[in-house]
Every structure is written in C-alpha cells, then in structure tokens.
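Please open the model in your viewer and keep a selection panel at hand.

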Amino acid sequence: MSFWNTVDEVRKKKAETRSDRVNNVDNSVIREGEYKQKDTKENDIALRNENELTVDVVLMTAVEDEYRAVCKILKNIFAEYFENGFKYCLVNCEIIDGVNIVIAVFRQNNMGLVSASMTATYALNKFKPNLLLMCGVCAGVKDKANLGDLIIFSPVYDYGSGKYCAGHFLPDYRQHQINGVVRPIVEKMCCDINLKREIRDAWENQSGKPITELEIHIYPGGSGAAVITDEGVVEELKTHQRTLGAIDMESYAIAEVANVAMTKEIPWLVVKGVQDFATPLKNDQYREYAAFVSGVFIKKFLQEFYSN
C-alpha cells in the first residue's frame, strides 16, 4: 500500500473522509489515512485542527489485541487514524473529577524493538506528551510471578546487546530505570491489596482467569528480537541477570526512546501481564486476561499520577 508523499495530500485525504462517522470504533478497520470520529458532544475536541490538539499521554501497544483491549478500557475514543504507516486513536478521558486528559493509543506495525522504537519516536515527535506508557502481555519467569500477574519492567535492558567471541556471548547491557516521579506511585500500587483485587475483579468472565490472586511486581525485564519458547534460553538469560522477572520484545525500546531519543526526557512506564513462562507449552489461555489487567493498571496509574 503506498503512502502519501506530502502533508497536503494527507490533510486532503483526512478532509475527504471526515464525514465518515461511526458509533463505535472498537471493531472498525481503518484504511490508510482514514479518520473516524464518534459523534458526541463531549468530543467536540475532535473537530479542532490536529495541530492545536494537546496530547498528554502516549500509550503504546505491540499488537492488535492489546490495542483493542486497552481501547475498550479507556472508552470515549473520538478519533482513529492510520497515517504514515502508524495506527493510533485519540481518547478524551476524565481521569479524575474535573481533570480531562487526551491519550494517544498507538499500535505498532510489527512486534519487536525496531518497530517499537520507530512508533514511539514518531508518537513523541508528533504529540510531545508528558508520559510514555506501554501495556500488553509478556512472558514471566517461573518462581518470580504467577500467570496473570502484572510486571513493571525496571530496570529494562536489551538482552541481545553484547559481543560473541570464541563461541561465547559476552553481554554488554545498558539499563534504564523508571524515574523518581513514576517509582513512588507504582511502589505504592504494588502494596495496595484492595487495588489488586479491584483490578482482578474488573475481569468479569470466569473463563480465561487464573485461580491465583493478582500480584504486581517490579522486576528487571529483558527485551529481545525473538519469541522465546525454550526454558534453556531463559535460564541462560538468568545467568546474566539473576533477578530477571519478565521477557518481551519491546520494552527496552520504549525506555530508550523516552530517555535518549528526545531532547526532553519524559517519564516512562512499561507494565505487562504474564501470559506464559516462555516454555514449549506456552499458549494463549490467559492472554486476553493478561492484556486486560495491564490496561486497567494503566488507567489506575494515570489516576494516581494526576492526583499527585
């Protein structure tokens, strides 16, 4: 599919499709450059020129089901775009009484560090938000978490960074930690029993729900280029990071972009639900639940962040 070559062409295409109204964008299929808007009085902000729109938070997801899960949690989507190869929607959210924020929810084109880096860089350059967040699913490390638990990635690192020499891998990890603004909030949330029960109970279906109580952990998280279904690989990674708690394919890129790629560092947070343990027996039994509770956590975090 070809992309438009100029900004004028993009704006022209948006203007042509602006009349395409829908009542619910949760299940919509967005074509290149198409703009869809919910027709509600609360969302008159959607009629503003996009250059005048202030986006407070960019929320990243890696794949479509994670994107749709968090959109259903946040609700009140007033516009959805597919432009320049990136899919995202805008959400007008009353996060606490009297405080409305605009959240841009992005979905990567592909899993992995490269796509995460490209998408996050595009989002931050376009909207210049105050926060960069990511939710979704991950692989947990056995004995560190249960299926369905939430893991906050900190520190986060690229476990493929290093050098191969004489048949051996010599790691050279560069880590990023969540900053002093985010950490006190998530540490408090990790200790809140009522909050954890509230997040778990928000999932109303009995199927696909683990029997264990939901726990929230702050663990080192490793990111890499491949899906892992091999316990031996996990054990090898633990030899270089003994407290490793989770593995994914995107989180390091999020932290790197937030801390390095921009002229102004912004707070970042990656929280993901454990869907499996990176073994050959991995399946999607708890994937939907894990994606859901991570999205609920993000909303609760934003409430705490803006309350403070």
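Contact here means heavy atoms within 4.5 Å. On that basis, residues 24 or more positions apart account for 72% of the contacts in the protein with a separation of 6 or more.

Two conventions apply throughout. This is a predicted model, in which local features need pLDDT of at least 70 and side-chain atom pairs count only at pLDDT 80 or more, while totals for chains, interfaces and linings use all residues. Residues are numbered from 1 along each chain as its sequence is written, and side-chain values use heavy atoms, with hydrogens and water left out.

**The whole chain.** Display the cartoon: the protein has eight helices and 11 strands. Helices (H or I, at least four residues) and strands (E, at least two) are DSSP runs, numbered from the N terminus. Next, switch to the surface, for which the accessible area is about 14700 Å², with 48% belonging to carbon and sulfur atoms. Such areas come from the Shrake-Rupley method with a 1.4 Å probe; for residues, only the protein chains shown count as cover. Of the 308 residues, 55% count as buried. Buried means under 20% relative accessible area, exposed over 50%, and partly exposed in between (1.4 Å probe, protein chains only).

**Helix 2.** Select residues 64–74. The buried members of helix 2 are Glu66, Tyr67, Ala69, Val70, Cys71, Ile73 and Leu74. Their packing partners are strands 1 (57–61), 2 (77–83), 3 (86–96), 4 (99–107) and 5 (131–140), together with helix 8 (287–307). Step past the end of the helix to Lys75, in the loop between helix 2 and strand 2. Phi of Lys75 is near 60 degrees, a positive value in a residue other than glycine, and at 56% relative accessibility Lys75 counts as exposed.

**Cys71.** A disulfide is a pair of cysteine sulfur atoms within 2.5 Å, and a search of the whole structure finds zero disulfides. Cys71 is buried, with a relative accessible area of 4%.

**The second largest pocket.** Select Arg68, Ala69, Lys72, Ile73 and Phe292, which lie nearest the centre of this pocket among its 17 lining residues. Helix 2 and helix 8 are the elements that give two or more residues to the lining. Helix 8 supplies the largest share, eight residues. A pocket, on a 1 Å grid over the protein atoms alone, is an open set of points where a 1.4 Å probe fits, with protein on both sides within 12 Å along at least five of seven lines; lining residues have an atom within 4 Å of a point.

Select Ser294, located in helix 8. Ser294 counts as buried, at 0% relative accessibility. Beyond its neighbours within four places in sequence, Ser294 is in contact with Cys135, Gly136, Leu150, Val271, Lys272 and Gly273. The C-alpha atoms of Ser294 and Gly273, 21 residues apart along the chain, are separated by 5.6 Å. Then select Ala278, in the loop between strand 11 (268–276) and helix 8. Phi of Ala278 is likewise positive, near 60 degrees, but Ala278 counts as buried, at 1% relative accessibility.

**A last stop.** Select Ser154 and Pro155, joined by a cis peptide bond with omega about -5 degrees. Pro155 belongs to strand 6 (residues 150–158).
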